[in-house]
Amino acid sequence: MSQAAAQPKVHIEVASDPRAASVLTADALALLGEVHARFEAARQGLLAARKQFQARIDAGALPDFREDTRAIRDSDWCVAPTPAALQDRRIEITGPVDRKMIINALNSGAKVFMADFEDSSSPTRGNMLDGQINIRDAVTGDISYTAPEGKHYALKSEGLATLIVRPRGWHLNEANLRFDGVPMSGGLFDMTLFAFHNGKTLAAKDLGPYFYLPKLQSMEEAALWEEALSFVEVRLGLPIGTMKVTVLIETLPAVFQMHEILHALKDRIVGLNCGRWDYIFSYIKTFRKHADRVLPDRSQVTMTVPFLKAYSELLIQTCHRRGAHAMGGMAAQIPIGNDPVANDEALARVRADKLREVTAGHDGTWVAHPGLIPVAREIFDQHMPTPNQLQVRREDVQVGRDLLIHPSIGTITKAGFFGNIDVCVRYLAAWLDGQGCVPIHNLMEDAATAEISRAQLWQWLHTPDQRFDDGDRIDFALFDLAIAGVAQRLPRSGLPGQSRLAEAAALLSELTHASELSDFITSPAYARLDHG
């Protein structure tokens, strides 16, 4: 690949890092520069449109289906056929892009492994570059890992999960690569490098490249991904449509544009996914100034509450009408080896959740731990003998605007208030220390849980006259007291990111006291990362 005639000035933090030399080759940088130059202005325009949309909601408007795209929703069309490797996606496992995780996930017995550069990865320079190296080695079959205690990990010879990569969302930058002083889009950085190093190898095996696209809010954002993917395909000599995508519907604005998002990507999209934890966060963020839509404790906001049930069933109906797969949500439980009773209770909750998904018509589901694969697979095998359920049209589903934004009934408890503080501080401390997938209370948490927790705290404290279930007022005096005592409530040793707990608590306090809710906690936290 020859460099473009007018390449912008490139700046790479610690360019002498051997990881950078391996991943950011001259040809890779040339392509990254072209992608940045072509799409950065459009990305910034879409991010500005998000702010304009939110300003209207803050002023009292309600999200709704678009009148200007009614013809897309009402007309008959289907997405392109799904590749053989993605016809059966009944169990997908997700996790960060570290070497051991990639090997274990590909060997796990799941149908698909989503290698995550986004919510379950802390985007240090080392993590992002190592992730690209690890994935490249996995694609070539050369990946292996020896743990400090001597245990060796390598790929099996057969039965590997199909690889899908989740790049970062449109809002995130890759500050370690700048063109003319402007940081590159984190998502375009992740996508372009993965395709550059692995595209031809995977395409020759009819295995992609495949992507999960996160946090879209509109069909215009989907269309920008379509343009960027097509551009990279042309530059790499791949036929248009080679790279396939699944889109996570994990923002409230996007649920009103599912047909439109499918249509914008119809020559390469294979499905939509219920990214339910981020969806709850998005509901809170969207209605942050609507006192009549304040959510109760997050433990009470389950997939059976009206707005979440409507969201998941409408997604199934929409996908199957268009020939796309409808993927279910995450089971975040971790097997509890030292407490059989608690473990049985946790597995029972997983079974009930997966039974709800498969009987509703979902074509597959997510788990965060290999130990949950047999449980989820048993449920899906029993109730879905075919590779998928595209034949389940769910024509009985009747979902309108009001049901999708229905207030959730429940209570706010002091346990939930303190729990949000403690979980957010624990996760954020680990994230700042370079770990984005963190075991907390027997759940494998990623950034979505921290986002829900801190958004709820902000809304409860900034919405007038919010009270706990015992009648006490929710106020900053209690919040400040809880923040001051967070270290005393947490274990004194063994926590990921233990040395950064005070910094995490201070950041949560700052963001919660702010007069406006920050769109994403990872944006202000990104500047505090140690990019080793």
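This is a predicted model: local features need pLDDT of at least 70, side-chain atom pairs count only at pLDDT 80 or more; totals for chains, interfaces and linings use all residues.
How many nonpolar, polar and charged residues does the lining of the largest cavity have? A search of the whole structure turns up 4 cavities of 30 Å³ or more, and the largest of them has a volume of about 80 Å³. Around this space you will find Phe117, Glu118, Asp119, Ser121, Pro123, Arg168, Leu172, Trp431, Ala447 and Thr522. Sorted by class, that lining has 5 nonpolar, 2 polar and 3 charged residues.

Let's move on to the second largest cavity, whose volume is about 60 Å³. Its lining consists of Ile12, Leu24, Arg125, Met128, Leu129, Glu174, Asn176, Leu177 and Phe189. Two elements, α5 (125-140) and β7 (173-179), each contribute at least two residues to this lining. By class, the lining of the second largest cavity divides into 6 nonpolar, 1 polar and 2 charged residues.

Strand β7 is a handy guide to the next stop, an open sheet. Here 3 strands are arranged in the order β1-β7-β8, with antiparallel pairing. The edges are β1 (10-12) and β8 (182-185), each of which pairs on one side only. From one strand to the next, the twist averages 50°. If you look at β7 and β8, you will see them pair in the antiparallel sense over 4 bridges.

Now bring a helix into view. Helix α2 lies across β1, β7 and β8, and runs at about 95° to β8.

The helix α2 also leads us to a helix pair. Two packed helices are described by the angle between their axes and the distance between the axes. For α2 (residues 26-58) and α7 (residues 219-236), the axes come within 10 Å and cross at roughly 175°. Angles over 145 degrees count as roughly antiparallel, and α2 and α7 are therefore roughly antiparallel to each other. On the α2 side, the contact is made by Leu31, Glu34, Val35, Arg38, Phe39, Ala42, Arg43, Leu46 and Arg50. These meet Glu220, Glu221, Leu224, Glu227, Ala228, Phe231, Val232, Arg235 and Leu236 of α7. What classes do these residues fall into? The contact of α2 with α7 divides into 10 nonpolar and 8 charged residues, with no polar ones.

The peptide bond from Gly208 to Pro209 is cis, with omega near 15°. You can find Pro209 in the loop between α6 (186-204) and β9 (210-213). Further along, in the loop between β9 and α7, sits Lys215. Although Lys215 is not a glycine, its phi is positive, at about 60°.

Key. Residues are numbered from 1 along each chain as its sequence is written. Side-chain values use heavy atoms; hydrogens and water are left out. Axes are lines fitted to C-alpha atoms, for helices over the stretch in contact, and angles run from 0 to 180 degrees between N-to-C directions. Angles under 35 degrees count as roughly parallel, over 145 as roughly antiparallel, 65 to 115 as roughly perpendicular and the rest as oblique. Contact means heavy atoms within 4.5 Å. Ala, Val, Leu, Ile, Met, Phe, Trp, Tyr, Cys and Pro count as nonpolar, Asp, Glu, Lys and Arg as charged, and the others, Gly among them, as polar. On a 1 Å grid over the protein atoms alone, a cavity is a set of points where a 1.4 Å probe fits but cannot get out, and a pocket is an open set with protein on both sides within 12 Å along at least five of seven lines; lining residues have an atom within 4 Å of a point. Grid points are joined across faces, edges and corners, and a volume is the space filled by probe spheres set on the points. Two strands pair if DSSP finds at least two bridges between them.
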